[in-house]
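This report describes a protein model, starting with its aromatic side chains and ending with the overall fold and surface.

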Amino acid sequence: MLFALFLAGALAAGTELLLLGHFEDRPQWIPLVLLALGLVWGGVTVATPRHWSVRTFQVLMAAFAASGFIGQYLHYRGNVAFELEMYPALKGLDLFWEAIRGATPSLAPGTMTVLGAIGLLYAYRHPALRAGDESETTTGKEDA
């Protein structure tokens with residue numbers, strides 16, 4: 001169920017970013033690339049549940065979470081700059097509220113953080129992680 005939730009969320013987020021034209025400059029490509037990698041590698045992990053595939057998926061999910069925090073910062077910073085350009089005297093809590101509700105959705109990148117958390121929950125205590133995936137470690141021992 002967690003993987004299905006991750007899959008649905010990643011497809012929805014990727015579709016929304018594409019429809020919004022979230023690819024004008026290089027930093028805007030980061031969530032699109034991560035979403036594509038997450039979908040592909042998630043499929044690899046489901047099809048080939050091995051220690052290495054699950055660990056790689058976990059690293060990718062950590063990158064999802066980090067990109068969400070970084071994206072929130074970048075969106076907020078851009079909104080602050082825009083608000084200060086429009087209203088140079090704005091400061092303090094007034095500036096914060098205007099920036100958080102600005103033209104660029106400051107909290108939207110949090111979707112990447114949530115998707116990363118869902119992916120990490122999916123991989124947490126995954127059966128392939130037990131004893132380093134016994135299916136890979138026992139193949140050579142049976143011949144001896």
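Which residues do ring pairs link into a cluster? The cluster joins Phe-3, Phe-6, Phe-57, Phe-64 and Tyr-122. The model is a predicted one: local features need pLDDT of at least 70, side-chain atom pairs count only at pLDDT 80 or more, and totals for chains, interfaces and linings use all residues. Residues are numbered from 1 along each chain as its sequence is written, and side-chain values use heavy atoms, with hydrogens and water left out.

**Aromatic pairs**

The structure holds nine aromatic pairs. Rings of Phe, Tyr and Trp (its six-membered ring) pair if their centres lie within 6.5 Å; planes under 30 degrees apart count as stacked, over 60 as edge-to-face and the rest as tilted. Two of the pairs share Phe-6:

| Pair | Centre to centre | Angle between planes | Class |
|---|---|---|---|
| Phe-3 and Phe-6 | 6.0 Å | 40° | tilted |
| Phe-6 and Phe-57 | 5.7 Å | 85° | edge-to-face |

Phe-3 and Phe-6 both belong to helix 1 (residues 2–19), where they are three residues apart, about one turn of the helix. Phe-3 and Phe-6 are buried (under 20% relative accessible area, with a 1.4 Å probe and protein chains only; over 50% is exposed and in between is partly exposed). Phe-57 is buried as well.

**Fold and dimensions**

Six helices and zero strands make up the secondary structure (DSSP runs, H or I of at least four residues for helices and E of at least two for strands, numbered from the N terminus). The C-alpha atoms fill a box of roughly 75 × 30 × 25 Å along the principal axes. The radius of gyration, taken over C-alpha atoms, is 20 Å, whereas a compact globule of 144 residues would have a value near 15 Å; the globule rule is 2.2 Å times the number of residues to the power 0.38. Of the 144 residues, 34% count as buried. Among contacts (heavy atoms within 4.5 Å) between residues at least 6 apart in sequence, 67% join residues at least 24 apart.

**A loop residue**

Arg-125 sits in the loop between helix 5 (110–123) and helix 6 (134–137). Phi of Arg-125 is near 55°, a positive value in a residue other than glycine. Arg-125 is exposed, with a relative accessible area of 64%.
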